[in-house]
Amino acid sequence: MYQTESGLNPALHSPALGAASRSRIGAGVYFLGMTSLLTDISAEMVASILPLYLFSVLRLSPFEFGLIDGLYNGSAAIARLASAYWADRRGRHKALAFTGYLLSALAKFALLFAGIAGWLSVAAVLLVDRVGKGIRTSPRDALIASHASAASVGAAFGVHRAMDAVGAIIGPLLATALLLWLPRRFDIVFLGSLCFAVLGLLVFGLCVQAGREGSATAPDQRQSLSLAAMLRTMRSPRFMLLVAAASLLSLFTLSDNMIYLGLQRQLDFDASYLPLLFVATACVFMCLAIPLGRLADRFGHVRVFLAGYLMLGLVYCLYVALPASGNIKLVVCIVLLGAYYAATDGILAALAVKQLPVEMHATGIACIGTLTSLGRMGSSILFGWGWESLGQEQAVGWFGIAMLAMLFLTVLLARKLGQGARSA
């Protein structure tokens, strides 16, 4: 795995790219970033108040919240893989991504009325929203890669994730401001979320071009790219190691909602300030996404990715080890959590892009995204059960031990694979 930074993909190093464009990031990356900024304002307005809404209005237990949170994080999995395969076969990345953005916008509209019928209706609407996210994510990431040169793919994902993080800052701030102005008017927050979802949909539809993926592979070649051929290509040892590592780590990756809710209950601060934790984490993410993306382009995406999970492991350790009182625990956990996202989110997509030919970018990203989403869904459900059965701190402690063990195993496998490649 440590050998993945050079010579893997001829399509990424072809002379057609030209020496002059090796560090180029196209304008499409910035339009996609603006789309994600607006869409993330919409998404985070909902996500940041979801724990408060589910606990204080719908009166869910920790296990029921774990089920909802797992559904929210994992329901996009199958839709992501199916849409990516269709997009790579047909070369219709923009059309699929637009469909996903549209579906999420419709779900925001339905959320205005779902709470009347109870938490099962809310869960169903969140399912539709996450299916929309699953449909759009991998085609969108393939579009990002198509608007960047080989030498700048990590930086391109860093730029996109940084702009996405701006939306993650604005969304919770707006949600908090609205609830402070109009207490318990969650419907107003949902309406604001709908407005930003529509704006993001318009920017994507009007400003984002289809990119260069259509010219990279002729239509007849795309039609002949069968599922069996894709599976053969994705069975390479390095790609399989990447998939296995990301999947195993995701099984013990707590969601933001779980971490923030646990910190709020442990430190006993006003729950109305819970959305501000999303803001603080997004600020760290925004500041570090581009520098860490460029660092990964220069020194290796694998090293940065593994360092990110090491920082998440430190979050778990500090969560259990530091005293429950004082703000230092909160600040350190937020900084480490934001750094973890900056070192893993876009970097994982960049790693997938580097392992596969251009006509399989969306499918490769979706394969990893599907398995990690399912892993995180299981993680939320398991942690919700552990919280009720063992207690909050003990559950976090066991998750931290398991996650660090998976990280250590990943490093050992990566080094073994790297040594085998050098001796071959």
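Helix H7 (residues 153-181) is mostly covered in this predicted model, since 22 of its 29 residues are buried, a term that means under 20% relative accessible area, with exposed meaning over 50% and partly exposed lying in between (1.4 Å probe, protein chains only). At 1.5 Å a residue the 29 residues of H7 should span 42 Å, and the end C-alpha atoms of H7 are 42 Å apart, which agrees; the expected span is 1.5 Å times one less than the number of residues in the helix. Helices here are DSSP runs (H or I, at least four residues), strands are DSSP runs of E with at least two residues, and both are numbered from the N terminus.

As the model is predicted, local features need pLDDT of at least 70 and side-chain atom pairs count only at pLDDT 80 or more, whereas totals for chains, interfaces and linings use all residues. Residues are numbered from 1 along each chain as its sequence is written, and side-chain values use heavy atoms, with hydrogens and water left out.

In its secondary structure the protein comes to 18 helices and zero strands, and buried residues make up 57% of its 424 residues. Among contacts between residues at least 6 apart in sequence, 86% join residues at least 24 apart, where contact means heavy atoms within 4.5 Å.

One partner of H7 is helix H6 (residues 119-146), and the axes of the two come within 9 Å and cross at roughly 125°. Axes are lines fitted to C-alpha atoms, for helices over the stretch in contact, and angles run from 0 to 180 degrees between N-to-C directions. H6 and H7 are therefore oblique to each other, given that angles under 35 degrees count as roughly parallel, over 145 as roughly antiparallel, 65 to 115 as roughly perpendicular and the rest as oblique. H6 passes H7 in a right-handed crossing; a crossing is right-handed if the near helix is turned clockwise from the far one by less than a right angle, and left-handed if anticlockwise. Arg140, Asp141, Ile144 and Ala145 of H6 meet Ala156, Phe157, His160 and Arg161 of H7 in this contact. By class, the contact of H6 with H7 has four nonpolar, one polar and three charged residues, where Ala, Val, Leu, Ile, Met, Phe, Trp, Tyr, Cys and Pro count as nonpolar, Asp, Glu, Lys and Arg as charged, and the others, Gly among them, as polar.

H7 also packs with helix H16 (residues 328-355), at an angle of about 145° and with the axes 9 Å apart. The crossing of H7 and H16 is right-handed. From H7 the contact takes Val153, Gly154, Phe157 and Arg161, and from H16 Asp345, Gly346, Ala349, Ala350, Val353 and Lys354, residues that divide into five nonpolar, two polar and three charged.

H16 in turn packs with helix H13 (residues 256-267), at an angle of about 175° and with the axes 11 Å apart, which makes H13 roughly antiparallel to H16. Their contact joins Asp256, Ile259, Tyr260, Leu263, Gln266 and Leu267 of H13 to Lys329, Leu330, Cys333, Leu337 and Tyr341 of H16, and its residues divide into eight nonpolar, one polar and two charged.

Returning to H6, two of its residues can be followed individually. Alanine 123 lies in H6 and counts as buried at 9% relative accessibility; its C-alpha atom is separated by 9.2 Å from that of leucine 67, 56 residues apart along the chain. Leucine 143 is also found in H6 and counts as buried at 0% relative accessibility, while 8.7 Å separates its C-alpha atom from that of glutamine 209, 66 residues apart along the chain.

Alanine 114 has its place in helix H5 (residues 93-114) and is buried, with a relative accessible area of 6%. Not counting residues up to four places away in sequence, alanine 114 touches Ser121, Val122 and Val125, and the C-alpha atoms of alanine 114 and valine 125 are separated by 7.1 Å.

Helix H8 (residues 186-207) reaches 32 Å from its first C-alpha to its last, close to the 32 Å expected for its 22 residues at 1.5 Å a residue. The buried residues of H8 include Phe186, Leu194 and Phe204, and what covers the buried residues of H8 includes H1 (27-47), H2, H5, H6 and H7. Helix H2 (residues 50-57) is itself mostly covered, with seven of its eight residues buried.
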